[in-house]
Amino acid sequence: MRGNGVLLPISSLPSKYGIGCFSIEAYNFVDKLVQAGQKYWQILPLGPIGYGDSPYQSFSTFAGNPYFINLDQLVSYGWLTAEECESVDFGDCESSVDYGKLYHERFRILKKAFYNSKIEKDQDFIRFCEEQKDWLEDYALYMAIKIRHENRPWSQWEEDLKDRKPEVLIREKAELKEEILFYEFLQYEFRKEWLTLKKYANEKNIKIIGDIPIYVSFDSADAWAHKELFQFNEFGQPTAVAGCPPDGFSTDGQLWGNPLYNWEYHKETQYEWWMKRLGFCFSMYDVVRIDHFRGFDEYFSIPYGDANAKNGQWEKGPGIDLFHRVEEIYPNSEIIAEDLGYVTDSVRELVKDTGYPGMKILEFAFDSRDSGSAVDYLPHNYNKNSVVYTGTHDNETVIGWYNEGLRESEKHMVRDYFRDHITPDDQIHKTLICGAMASVANLCVIPMQDLLGLDNSARLNTPSTSGTNWKWRLKKGEFSNDVIRELYNLTKLYGR
């Protein structure tokens, strides 16, 4: 069945507290999606952010981002006052997140709410901790120890802590009891608020598309507590790390630095950890987009310690074996395969064998910098079992891409393909949106920046860079009635 949706991360929602969160603005956004005739809201990973403020480098693959907790909700509980919240400096730019100020201020106000909550006596909280203890205990302990060690990663802790000696962990749990409880409190409130928002969206017939990064961060509770899952040596160091080879967008390739999986171990355990991870995602989202899907066919392995990705090589991943297990444990689950990048015949075969819809990016169809086959991304070559985007969170906005990224010959190709030689350059996003929505792909998702026709100052992420990413925010009133009306009319016109 044909459908349409909008890509907007939680962090990019408007709010008065420096970053998008599960506040009234999130509920208002759902209402606007309904008015615009949409069926899906796609978000980015919800985990607590680590290096570079990236949601793809999280301290836990299971935990949620405390920044998304709605301070107004805590006021309604009587744990904070409105004056306390409004007195905090979260930054004064409504179109950008100031992560430095958030880091210093958000936890301080959240800790005040924690002290006032007396949460340890709450039966629902106690039940939550018991139900989620498989990951929550390690995560809360990890964060408490990390704070004590001035936020250094576990690889820089003393040996007994790095190796998780039982007697040392018992000591740490006793000494850090209150800090551990604080991090459990944050996860309880996060999950409660998120599932309430998700329920609201579902009741309005809006499905949530969530995002699961293929890899976890080295600086994470997962890597610290479960070294057996990864390609680590006897000293707890990675032998190789993840990334992407050089291409037209990056001459050095992309050095992500995430530890690679020990796929032999995962196969021996019937992919138990992966089943837990995916099961958790299915409880949080209606549809799960698996990032960097090609890594399950072959993954790029870069020697640990290299300064770039030039010396990496491709290694075989688990292939269809993993997804047979997924189908066995979670039949009929809704999954999108992010099959972008250098796509080989074996990657295409894996996506076909799983039956998952792959992704089509319109920008890639006309851009010679793309390492894949541009032909695959031209709408006349799509099949119904696919998801089409104008661009993703990693791409330039359509306006920025057309005006800054393309050669003149490529611009002419865009115009010729869509038989459009009259639309002004600053309105070209509308041509590509129509092209995406008119395609046969069952699902079309448009990033909010493209709906608004914003330039690259609104770009969310530029891969292989840090310091300027993940900051863009939707300003109050930008998703206006005019934009909503136009989106509704297009959605109706193209049968979505």
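In which sense do strand S2 and strand S3 pair, and over how many bridges? Select residues 40-42 (strand S2) and residues 207-212 (strand S3): the two pair in the parallel sense over three bridges. Strands here are DSSP runs of E with at least two residues, helices are runs of H or I with at least four, and both are numbered from the N terminus; two strands pair if DSSP finds at least two bridges between them. Within this pair, glutamine 42 has isoleucine 209 of S3 as its bridge partner.

The model is predicted, so local features need pLDDT of at least 70 and side-chain atom pairs count only at pLDDT 80 or more, while totals for chains, interfaces and linings use all residues. Residues are numbered from 1 along each chain as its sequence is written, and side-chain values use heavy atoms, leaving out hydrogens and water.

Next, display the open sheet of eight strands, in the order S9-S6-S3-S2-S1-S12-S11-S10 with parallel pairing. Strand S9 (335-337) and strand S10 (358-361) stand at the edges; each has a single partner strand, so one side of each lacks a neighbour in the sheet.

Now select valine 388 in strand S11. Valine 388 is buried (under 20% relative accessible area, with over 50% exposed and partly exposed in between, 1.4 Å probe, protein chains only), at a relative accessible area of 0%. Not counting residues up to four places away in sequence, valine 388 touches residues including Lys360, Tyr382 and Val445, contact meaning heavy atoms within 4.5 Å.

Finally, move to asparagine 395, in the loop between strand S11 (386-389) and helix H15 (398-405). Asparagine 395 also counts as buried, at 11% relative accessibility.
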